[in-house]
Amino acid sequence: MPSIATLIPFVIACYVVCAVPGISVSAMVSTALARGFWGGIWQEMGAQLGRFSVVLLVAVALQAITTLVSAAFDVIKYAGAAYLIYLGVKYLIGHSTLAVEAAAPPSPARQVVAGFFVVWTNPKALIFLGAFLPQFVDPRFPAWPQVIVLGLIEMFAALCTDSIYIALAAFARGAISGKRIVVVNRLAGVILIGAAIWLALQHKA
């Protein structure tokens with residue numbers, strides 16, 4: 001299992017990444033604006049189910065690849081680090097993705113389903129988790145249980161940060177401003193690039 005030395009930077013990275021608004025946050029914010037706090041929370045529950053299914057897929061795929069070709073493990077990690085750097089650069093030079101969209105479906109069940117499909121219709125979710133989680137897996141041990149643990153930690157971080165956005169959208173609509181989101185993007189980009197470089201150097205050593 002991942003060591004404490006690995007888990008500490010992982011947890012920090014999770015909260016940094018999850019704090020940056022993306023497609024899921026946009027959908028939940030629009031739902032909270034239209035349906036209130038619990039509307040957003042129901043959609044968050046669906047998104048959590050979607051995230052867990054993606055984590056399972058990443059765990060199975062990574063275990064299969066590393067079992068067949070052990071040398072592929074480092075390739076996956078370096079490719080993942082490169083993607084994280086690319087993502088960090090996008091955060092630095094891009095604009096906020098937070099947007100108000102159409103109102104969410106009225107029933108809790110449909111909101112849960114909507115949250116699930118928001119994750120699965122966003123290919124970046126699979127690409128990101130597939131690049132992010134392997135960076136913190138110890139190749140000396142089976143990959144899939146480590147990915148599950150790391151995935152659950154990432155899900156909890158997403159739940160915390162998403163809930164804050166939902167609460168802000170539901171109870172203080174004016175608190176979510178474009179300038180504040182841009183600042184979050186810039187900070188997250190710097191931290192993400194630095195973390196990716198550090199991880200790549202650690203693996204090389």
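The model I am reading is a predicted one.

I asked myself what lets such side chains pair. Side chains of opposite charge can do so when their charged atoms come close.

Next I looked up how many salt bridges there are by this rule. The count is two.

I turned to the second bridge. Asp 162 pairs with Arg 51, and their closest N and O atoms lie 2.8 Å apart. This pair links distant parts of the chain, since Asp 162 belongs to helix α7 (residues 143–171) and Arg 51 to helix α3 (residues 37–68), 111 residues apart.

I then noted that the salt bridges form a network, which links Glu 44, Arg 51 and Asp 162.

Are these residues buried or exposed? I checked them one by one, with buried meaning under 20% relative accessible area. Arg 51 has 9% relative accessibility, so it counts as buried. Glu 44 has a relative accessible area of 0%, so Glu 44 is buried. Asp 162 comes to 3%, and therefore Asp 162 is buried too.

Last entry: which residues does Asp 162 touch, leaving aside its neighbours within four places in sequence? I found contacts with Cys 18, Val 25, Met 28, Glu 44 and Arg 51. Among them, Arg 51 is the salt-bridge partner of Asp 162, and Glu 44 is in the network with both.

Terms used. Residues numbered from 1 in each chain as written. Predicted model: local features only at pLDDT ≥ 70, side-chain atom pairs only at ≥ 80, totals over all residues. Heavy atoms only, no water. Salt bridge = Lys/Arg side-chain N within 4 Å of Asp/Glu carboxyl O. Buried < 20%, exposed > 50% of the residue type's maximum accessible area, 1.4 Å probe, protein only. Helix = DSSP H or I, 4+ residues; strand = E, 2+ residues; numbered from the N terminus. Contact = heavy atoms within 4.5 Å.
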